[in-house]
Amino acid sequence: MREQFARVRESVAYLRTKTDIQPPIGLVLGTGLGRLADRIETTTAIPYQEVPHFPVSTVKSHKGRLIFGYLGGKPVMAMQGRFHYYEGHDTKQITSPVRVMAAMGVKTLVICSAAGGLNPIFQAGDLMLIRDHINFTGQNPLRGENLDEWGPRFPDMTEPYSQELVDLAERTATDLNIKLHQGVYVGVAGPSMETAAETRFLRLMGADAVGMSTIPEVIVAVHAGIRVLGLSVLTNVNLPDNYQPAPIEQVIATAEKAEPRLVSLLEEILTRI
Ligand code: HPA
């Protein structure tokens, strides 16, 4: 744990030589959503390989750059491409960029992802605001020694997704006439997709969408006292009684199609934040 502390400090020390921006807002862009970064008025873009101790993304649809700049007029630090447990990293490695964000001054994290819809009223390409989550990954990034400097041993999870930000996102979506669902995101480890029986079970559990990311980063953000806004693009809808394959090409294509709507929504949310 102490080693992780030292590694984060070294990552931050390096980034401080590259940018003067003190980003109050962090952004994580998920599968098929990397182009959202094009809307950031970029001042500095740093490939992950150049940042000391950063893991390296192995997912083809993820570019792998840290971007500092402005979106909706606000200074942001964005991850273009994230890390997943299924790539082989442990959840501490996956979430080290969130620790780095916290140390860089991030107070609000906007976390975007592609997810499979479980609620039958959803349609592929719809957007969902994450209201709550179920950690079904079998992992927790806070396992092990707790660093009190980073956060409490037993972080409260009564409001992991800021109600204030949920309300703001709702109002903004209404004003922009963008359809935005709310729901519960269940996180699984992946990389195999869910079976029909698992899909039925996840729905019964109370989940509206399923994905292979987000949860570890959100847990660490909450631990670090960062408020979180979670947005998912529903790239496919999984109905156990009429279960269809959702190949990655389709997931990416649908995420890319939904991206302009997500960008408009995000830009306006950041303007109003
Ligand atoms: N399951 C898990 N993760 C996903 C899905 C899905 O159906 N779609 C996009 N990410």
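## The second largest pocket

The second largest pocket has a volume of about 190 Å³. A pocket is an open set of points, on a 1 Å grid over the protein atoms alone, where a 1.4 Å probe fits and protein lies on both sides within 12 Å along at least five of seven lines; lining residues have an atom within 4 Å of a point. The volume is the space filled by probe spheres set on the points, which are joined across faces, edges and corners. The model is predicted: local features need pLDDT of at least 70 and side-chain atom pairs pLDDT 80 or more, while totals for chains, interfaces and linings use all residues. Residues are numbered from 1 along each chain as its sequence is written, and side-chain values use heavy atoms, without hydrogens and water.

Among the residues lining this pocket are R7, H53, F54 and K92. Helix α1 (2–18) and helix α2 (91–104) each give two or more residues to the lining, and α1 provides the largest share, four residues. Helices are DSSP runs (H or I, at least four residues) and strands likewise (E, at least two).

## The ligand site

The shell around the ligand includes M193, V210 and T235, where a residue is near if one of its heavy atoms lies within 4 Å. Strand β5 gives the largest share of this shell, three residues.

A backbone N or O atom of G116 lies 3.3 Å from a ligand nitrogen atom.

Methods. A polar contact is a pair of N or O atoms within 3.5 Å; within protein, one must be able to donate a hydrogen and the other to accept it, and residues adjacent in sequence count only if both atoms are side-chain atoms.
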